[in-house]
Amino acid sequence: MAALNQPFTLPCGETLNNRMAKAALTERLADPSHLPNEKHLKLYETWAKGGAGMLLSGNILIDERYLEAAGNVVAHALSPEDPFKKWTKTVTDTNTHFWAQLNHAGRQSTIFSTLKPVSASDVKLKKAGMFAKPRPLTEPEIEDVIQRFVNTATFCRRVGFTGIQFHAAHGYLLSQFLSPKTNLRTDKWGGMITNRARLLLTIVERTRKAVGNEFPISVKLNSADFLRGGFEEDDALFVIRELTKRGVDLLEISGGTYEEVTFFSKKGIKQSTKEREAYFLDFAKAVRAEGDIPIMVTGGFRTLAFCNKVLEDKELDIVGFGRPFLLHDDFAAGFLDGSLAKVDDPIIKSPLKMYQDFAVAGYYDKQIERIAEGKKIDLNYSATMATLRMTKNEFWKGLKNKINM
Ligand SMILES: Cc1cc2nc3c(=O)[nH]c(=O)nc-3n(C[C@H](O)[C@H](O)[C@H](O)COP(=O)(O)O)c2cc1C
C-alpha cells in the first residue's frame, strides 16, 4: 500500500483512514446569519467523496465582530445546532474525519468587517488601505477570547465535528500574540515567548479539559512569519514543546502572514527548502528532533511521488493540501488511487500589482463557489475578474452584515 494510503492513529486514539488531509480553505459562502448553508453541504459532500482521511473546515470565527472575511461561518455557545449538524453529517456519513478550524482575525479583520479591530497591541497592518489601526485587548477581554475559543470548541464537538484546530498561524489573533512584532505588551501576555505563548497555551489547556482526552485537538502554527523582528523558529520550537506537553494530537506547520504571504509561495524561505517541492520541510525536521508530536505539513505539495517519499522517510505524518483541491475536480481520489501523478499551479497575475494577493484569493474563491454550486473547476477564470470579485464581495457582504447587525 502506498504511504499516502496508510491509516494513522492520533495520540487521542482516533484513526484517520489515510495520510491525506484537506487544509482549511475559507469558504466565504455564508450570508449575514453566518451559518453553514446548502452551498457548504454541497462543497463538503463533494470533497468527502474524494476519500481524504480528514477535511478541515475553512476558518470558523469565534466572534462575529472580528471576521476574517464577510462570508465567514461563525460559531459560539448559543449558535443554532441544526445547520451545523447537517454540515458535519455530509462528511462524517462517509466515515471521514471533519475538523473545525477556529479563528479570531484580530487586526487582520478588514475595514469592511470592522473599523475598530483588536489585537495584542496597537500595531496596524499596512496593506492596500484595507485594515484599521487595532486597539490592544484588555485583560478581561483576553479572558473573554479564551472562553469563546473553549465554548466554540465544545459547541463543535456537540454538533458532530470529529476534531478541532486552533488557527495560530498566518498573522491572525493567536499569531499576533505570538509575534514580538505585533505583541508589544508589558504584562503577562507579552515580552518573553513564555508570555507571548500564554494565550494559545491557555486555550489549549482549557479546551482539553472541556472536550476530554479522546477528542482530537490540532494547532496550525507558523514555522516563522518571515518578517524581521517577528516570530522565529526558536520561538516556534518552544511553543511546540509546550503544545506536546499539553497533548496536542496534530501540529500543522505553515508560515507567513498577510504582510509576507509565505503560505502561498516560497518567498523568504531557506534555499535548502526552496529546492524541494513543499515549503516547510526543514522546519518539520527540527520539530521531529524535539519530540513525538504528529506533524502535518501544508504548502506546495503537488506530485504524488514526492508526497509518498516524504511519508516513507517519516519527515511528516500527514500531508496537507489546499489549492490542489481547487485545481482538479478529482484531485483526492486521483492521488489516492494513483491515477493522478501531479497538479499544476496556474499563473494568476493581477493587472494591479498592489492587488496581486486579492487576484490569487479571488481566483481560488471562485473555484470554491463553483464546486459549492455543483459545477466543474474553471482554470481559465481571469485574474482581473478575480481581483474585482474579491473587492466587490467583501464590500457588499460587509455592508449587508452591518445592516443585519
Ligand atoms: C482560497 C484559500 C483559502 C484559505 N483559507 C485558509 C483558512 O481558512 N485557514 C487556514 O489556515 N489557511 C487557509 N488557507 C491556506 C491553506 O490552508 C494552505 O496553508 C495554503 O494554501 C498552502 O497550501 P497549498 O500549497 O497546498 O495550497 C487558504 C488558502 C487558499 C488558497
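This is a predicted model: local features need pLDDT of at least 70, side-chain atom pairs count only at pLDDT 80 or more; totals for chains, interfaces and linings use all residues.
Reader: How compact is the chain for its 405 residues?
Author: Start with the contents: the secondary structure comes to 13 helices and 14 strands. The globule rule gives 22 Å for 405 residues, and the radius of gyration of the chain is close to that, so the chain is as compact as a globular protein of that length. The radius of gyration itself is 19 Å.

Reader: What share of the residues in the chain is buried?
Author: To count as buried here, a residue needs 20 or more other C-beta atoms within 10 Å of its own. Out of the 405 residues, the share that is buried comes to 51%.

Reader: Which residues of helix 1 are buried, and why do they line one face?
Author: Helix 1 runs over residues 38-49. Seen down the helix axis, its buried residues fall within an arc of 130°, so they line one face. An α-helix has 3.6 residues a turn, so residues three or four places apart point the same way. The buried ones are His 40, Leu 43, Tyr 44, Trp 47 and Ala 48.

Reader: What covers those buried residues of helix 1?
Author: The cover includes both strands and helices. Among the strands are strand 3 (20-22) and strand 4 (54-56). Among the helices are helix 2 (82-92) and helix 12 (356-372).

Reader: Which helix gives the most to the shell around the ligand?
Author: The shell's residues divide into 10 nonpolar, 11 polar and 3 charged. Of the 24 residues around the ligand, those that come nearest are Ala 23, Ala 24, Gly 322, Arg 323 and Tyr 364. With 3 residues in the shell, the top contributor is helix 12.

Terms used. Residues are numbered from 1 along each chain as its sequence is written. Helices (H or I, at least four residues) and strands (E, at least two) are DSSP runs, numbered from the N terminus. The expected span of a helix is 1.5 Å times one less than its number of residues. A residue is buried if 20 or more other C-beta atoms lie within 10 Å of its own, exposed if 12 or fewer, and partly exposed in between; C-beta atoms are placed from the backbone. The arc is that of the directions from the helix axis to the C-beta atoms. Two residues are in contact if their C-beta atoms, placed from the backbone, lie within 7 Å. A residue is near a molecule or strand if its C-beta atom, placed from the backbone, lies within 6 Å of it. Ala, Val, Leu, Ile, Met, Phe, Trp, Tyr, Cys and Pro count as nonpolar, Asp, Glu, Lys and Arg as charged, and the others, Gly among them, as polar. The radius of gyration is taken over C-alpha atoms; the globule rule is 2.2 Å times the number of residues to the power 0.38.
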